[in-house]
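The exercises below are meant to be worked with the sequence and the model side by side. Try each task before reading its solution.

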Amino acid sequence: MQKQFLVPALAICGLLVLASVWQLSSSGPKPKPSKPTELASLNEDALEGAPLEATSTAPPSLEETANARGQVTPDGIINKPTQPPPPAPLVENDPEKGRVWVRLLDARSNQPLANTRCRLEAISNNASCFGDWYGRVDGTPAKSRSTDGNGLLSLSVQVMDDDSDEEPNAEVIFHADGWVSNCSIPIPPGWQPTFGMCAYIDGMVELLSAKATTPLDLPVAPAANLHVVVRDRWGVPLPDAELRFALVYKEGGVSDLLALRDDDLEQVDEDGMAYWIDEYRSMAGNTGVSASFNGKPVAEVNYAPGIDDGPVFVSGDQREPVVRNGAATLRGLPCMRVIAAGWHSLYGFGTADLQMVPGSNELNVYLRGAPPGNLKVRVEWHGDGPDEDDELRLVMRNTGPYGECDLLAESEDGHEYEWDIEPAGSGVWQGVINNVPPGYWWLEASARYTTGTAQVRVDAGATSDVVVYIGDDAYAEWTPVIRCNGVPLESASLRLLGGDEERTREYNLYRDTENDKPETVELRAGEYTIWIPTLPVTRISLKPGEQRTDVFDLLTTSVAFSIDSALAALLTPEDKWATLNLLPTGAWDGVEQHLYAMDKKMRERDGEYDVLKPGVTRVWDVPIGSYVWELIGLHERLSGWIEFSSTGPAGVRFSLDNAPGLELLQVERRGFMDGDWANLSFDDDPLTERAMLASADSYDDEYDSVSEYVMNGDYVQQLRGANSISYVFAPRGTMRMEVSSDVGYGSFRVSFPGRITIQPSQLIGPRTAVIRLVQEDEDADADEDDYEEPEFYYYGLVYFEDGSYDEFAPEDEVEWPVGTVTLMASRYKEGADRMHRRAFARVEYQVKPGKHTIDLRTFEYQFYGELDIEIVGHSGSDTHFDSWWLDDGKGPHPVLLALDQCVQGEPRYVSLGEPGRVMPDGKLGLSYRNRLLPPGRYKVIPWAGAPEKYCPTVEVKPGEHARVTAMID
């Protein structure tokens, strides 16, 4: 017997360009612009003059525009309503005459803000708006100005020569070579702009250069006021809680608008917010942890990073936090999304988020986490010493249930503390560590070149005890006796956690058969967790100097194996026999010494116990567990998967119709010439092989192979029979079968189990049509220099009737087979915010002979949504490791099923990519945050074959954020 091992994102940062549209009057003779009052100088009072022939309108109230409000987006932008703004009065924009005109509009209704007082906020631009940040001009006092009855307001302009020494003295500084260095923005108190700085500067440059007769429209919206409170799970405010919160903006958002505030307002981009929350959760978890030994408080050697490093609103030049007593109030904020995090040493950690709207907003952060626990620690020295001046170094590290877990530390959820403890003349240090977050902890005590470790679990609100033994004599002798059917095995395997090891360690133990003595292991005294194949997890405690023996009887089951004549003839046609091997899988792959010992025992009784022949039954003593079985003949071999438990199976008869873990596809060739065998090849079902990659953020990585997750290493096996029949074995499901022959080629989608007959007439090949995919209008007369990048890019997959697939993107011409195809198209817009960058469409298209043109722009697209997934809990009993927790890569990752993206009646798989590891309240868990997905219904599959009760469904809506949690018992 032998062991067997089973084995991106293009971030595009777009600028937010909300360019205002300026139109000259309709065709025909243009009316002469009404000339505003002449300016004697660049005096502020003189600029109050309004254009002539203007029609006055009353300023709209909030109540009047309530039904006309646009929708607030996560970036603080208010989408304009469908009705356009009223025509703007004619004005004269002329830099040479020292003025330009802007018009303020209520972004919710597109109505002018008439007779409204504004502050002129001065901003600067160092070069161009590509990649530059526009900030306030330091030390420039804000001027005050009012709009007229049409919402109009004029700005003074000064045209500068780059060689001029003249001091600028205007609200818009326009340079002769066509760029703006300084510009003022009129903002009414209590309002916020809903346009980006780049859009404003670009509009001003165009306004100045074109000398338009219409003003530059500036949409603004009422600002938001925010009150944040930290509460316990029952809603009671917690005045002594820590609170941190930040505004979140998308890529291409309006983060530069915050520069217009008097306060220094911190913010976080959305892609970095999830990382910040994880970091804050980790730092908050360190808060309050303290140690006291031998009756004295002990300070940490290395203090954990302070939670002040996270995003926080601060006020004024002193940068003093405005957060007070677990609550905060802020005014005049953009209508953006805010995310808050709170922490209390007794009530735990919590987060909350809110999309702010104009006016008052309240955000409550409820702390629902479990309270911390306490840890009583006793460190005992055994051996010579310690000296009077020997200090103890104690390290406590957050870890996993099976010891040190690198993935936990990498996910920023790991905590570590160190203390130097004063000498203890008695050689015993006793103390308590308070406010320890629930979970698994590894302790290391070291002094004078000796070290001891221990693993302990801290439960919420409880006190746990742990003893760490150090010193040269802090060892014990442990003798495990592992038996099968009452007979000790000559060799056996187990795993241990404890002692000097930070993680589980494998032990292969051998019995001295001459002296009939089992092998003894020297271990440091302490608590140990023992995993032995087939048995429940066992825990023992070893004292210094102790000699202990434990007897373990493997749990086995008696299984009768046999093989039928038809299958045996395919493996060894002459003599009809096959050798049977059982190879352990899963957690015990590589720990199979007990199987070698059992093999020897069974061979002593029957030298051919593993040789199966028709009509002969072989009885095995099989340890309970999961295996790969192998049938090996002279010409062929076959293998599959099987699990043995205390309830069976009691017998396994291998046959064509009964190969555990496999299903049979019978392929018959009919009508082929002698010598033309028609070769078969198989590929994974395209629904699994080319599944969507949910974590992708670029169209280049939109699809990825996830067969290794979904199929879990399954493969196809063929046995060639007589009479032109092939017997193909694979797990239950569908695949694509390709047939190649001298007469042609064909592709078929087949099911396991199933039967199919192939004839030469099917291999001539399908008729094809020429398809042209387009994404933009083409101008045959266009010059290369006039080429403009398209607004959208299109890409995706096409599925054909035979089960095959192909990727597509707009290109010259492709050939598709005649018939019905399924197009799953994605549309990508550069520069848009994250939630409006991608859109999805699913279209059935009938391909007919000839040439076709498919205009991808005509599909009905829906914006992608975002999904957060948490999978929390244990995957099974204590006899198994958690498949998603170990860092050896053996466990299949969770996947999604896209229930609304069916091809030929079956949903597509969605790969979630690499997860984050979390331990909420000390429980194991995976997290996937901000996964972009086409809208629709999805089912979470935590692991292959998970029961339905662990597979929740969730709906992802266009442009919205959804969350789902799979709780495992």
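**Exercise 1.** Is Cys951 buried or exposed?

Solution. Cys951 has a relative accessibility of 7% and therefore counts as buried, where buried means under 20% relative accessible area, exposed means over 50%, and partly exposed lies in between (1.4 Å probe, protein chains only). Cys118 is likewise buried, with a relative accessible area of 1%. The structure holds zero disulfides, a disulfide being a pair of cysteine sulfur atoms within 2.5 Å.

Before going on, note that this is a predicted model, in which local features need pLDDT of at least 70 and side-chain atom pairs count only at pLDDT 80 or more, while totals for chains, interfaces and linings use all residues. Residues are numbered from 1 along each chain as its sequence is written, and side-chain values use heavy atoms, with hydrogens and water left out.

**Exercise 2.** Describe the overall make-up of the protein.

Solution. Begin with the secondary structure, which comes to seven helices and 68 strands; these are DSSP runs numbered from the N terminus, with helices (H or I) of at least four residues and strands (E) of at least two. Then turn to burial: of the 969 residues, 52% count as buried.

**Exercise 3.** Why is the pair of Phe561 and Phe654 stacked?

Solution. First, recall the rule: rings of Phe, Tyr and Trp (its six-membered ring) pair if their centres lie within 6.5 Å, and planes under 30 degrees apart count as stacked, over 60 as edge-to-face and the rest as tilted. The structure holds 13 aromatic pairs. In the pair formed by Phe561 and Phe654, the ring centres are 6.3 Å apart and the planes stand at 10°, so the pair is stacked.

Now compare the arrangement of Phe800 and Trp816, an edge-to-face pair with 6.2 Å centre to centre and 65° between the planes. Phe800 lies in the loop between β54 (793-799) and β55 (805-808), whereas Trp816 lies in strand β56 (residues 814-817), 16 residues apart. Phe800 is buried at a relative accessible area of 9%, and Trp816 is buried at 2%.

**Exercise 4.** Which residues of the largest nonpolar core touch the most other members?

Solution. A nonpolar core is a set of buried Ala, Val, Leu, Ile, Met, Phe, Trp, Tyr and Cys residues joined through side-chain atoms within 4.5 Å. In the largest such core, which has 32 residues, the answer is Phe561, Trp629, Leu631 and Phe654. Helix α4 (residues 565-571) gives the most to this core, with four residues. Ring pairs also link Phe561, Tyr609, Trp620, Tyr627, Trp629, Phe644 and Phe654 into a cluster.

**Exercise 5.** Where is Ser747 found, and which residues does Ser747 touch, not counting residues up to four places away in sequence?

Solution. Ser747 is found in strand β51 (residues 744-752) and is buried, with a relative accessible area of 13%. With contact taken as heavy atoms within 4.5 Å, and with residues up to four places away in sequence not counted, Ser747 touches Arg736, Met737, Glu738, Asp802 and Ser804.
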